[in-house]
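Student: I keep meeting labels in structure descriptions. Can we go through some and test each one against its definition?

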Amino acid sequence: QVQVVESGGDLVQAGGSLRLSCTASGSIISINEMGWYRQAPGKQRQLVARRLSTGPITYGDFVKGRFTISGDNAKNTVYLQMNSLKPEDTAVYYCKADVRLSSGSNHYWGQGTQVTVSA
């Protein structure tokens, strides 16, 4: 029905930058919200940033101006620009899409993309 696909994860040195992309496709009538979450080994999944299609954005407390979420509603795509990366940003980054289908609303997760930041 709905596929959520992330890309852009990589190995980068501390202080570097990465840009993640996520696209939702399938029998989607509209997107309510898309966002990024991350999960490090042994830790719970946490919010990185999320963006309502109408515009409001929420960031995790740890972001502190280093990351920027943006999106293209026409393409059902959301981006995460990550700057000043730290080793503690190492995690699998997941995209979540809250979508409206003909049968109602539901949310879908991508498979995740690995971000590794070396010291």
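Tutor: Start with pairing: two strands pair if DSSP finds at least two bridges between them. Strands (E, at least two residues) are DSSP runs, numbered from the N terminus. This is a predicted model, where local features need pLDDT of at least 70, side-chain atom pairs count only at pLDDT 80 or more, and totals for chains, interfaces and linings use all residues. Residues are numbered from 1 along each chain as its sequence is written, and side-chain values use heavy atoms, with hydrogens and water left out.

Student: How do you know that strand 3 and strand 8 pair?

Tutor: Strand 3 and strand 8 (residues 77-82) share six bridges, in the antiparallel sense. The definition asks for at least two, so the label holds. Within this pair, L20 stands opposite L80 of strand 8.

Student: Which strands make up the open sheet, and in what order?

Tutor: Four strands, ordered 1-3-8-7, with antiparallel pairing.

Student: What makes strand 1 and strand 7 edge strands?

Tutor: Strand 1 (2-7) and strand 7 (67-72) each have a single partner strand, so one side of each is left without a neighbour in the sheet. On average, neighbouring strands of this sheet are turned by 15° against each other, direction ignored. Here axes are lines fitted to C-alpha atoms, and angles run from 0 to 180 degrees between N-to-C directions.

Student: Why is the link between C22 and C95 called a disulfide?

Tutor: A disulfide is a pair of cysteine sulfur atoms within 2.5 Å. The sulfur atoms of C22 and C95 are 2.0 Å apart, so they qualify. The structure holds one disulfide. C22 lies in strand 3 (residues 18-26) and C95 in strand 9 (residues 91-101), so the pair ties together parts that are 73 residues apart in sequence.

Student: Why is this disulfide called left-handed?

Tutor: Its S-S torsion is about -85°, so the disulfide of C22 and C95 is left-handed.

Student: Is E33 buried or exposed, and how do you know?

Tutor: Buried means under 20% relative accessible area, exposed over 50%, partly exposed in between (1.4 Å probe, protein chains only). E33 has 15%, so E33 is buried. E33 sits in strand 4 (residues 30-39). Both C22 and C95 are buried too.

Student: And Q13: buried or exposed?

Tutor: Q13 has a relative accessible area of 60%, so Q13 is exposed. Q13 lies in strand 2 (residues 11-13).

Student: What does Q13 contact?

Tutor: Contact means heavy atoms within 4.5 Å. Leaving aside neighbours within four places in sequence, Q13 is in contact with V117 and S118.
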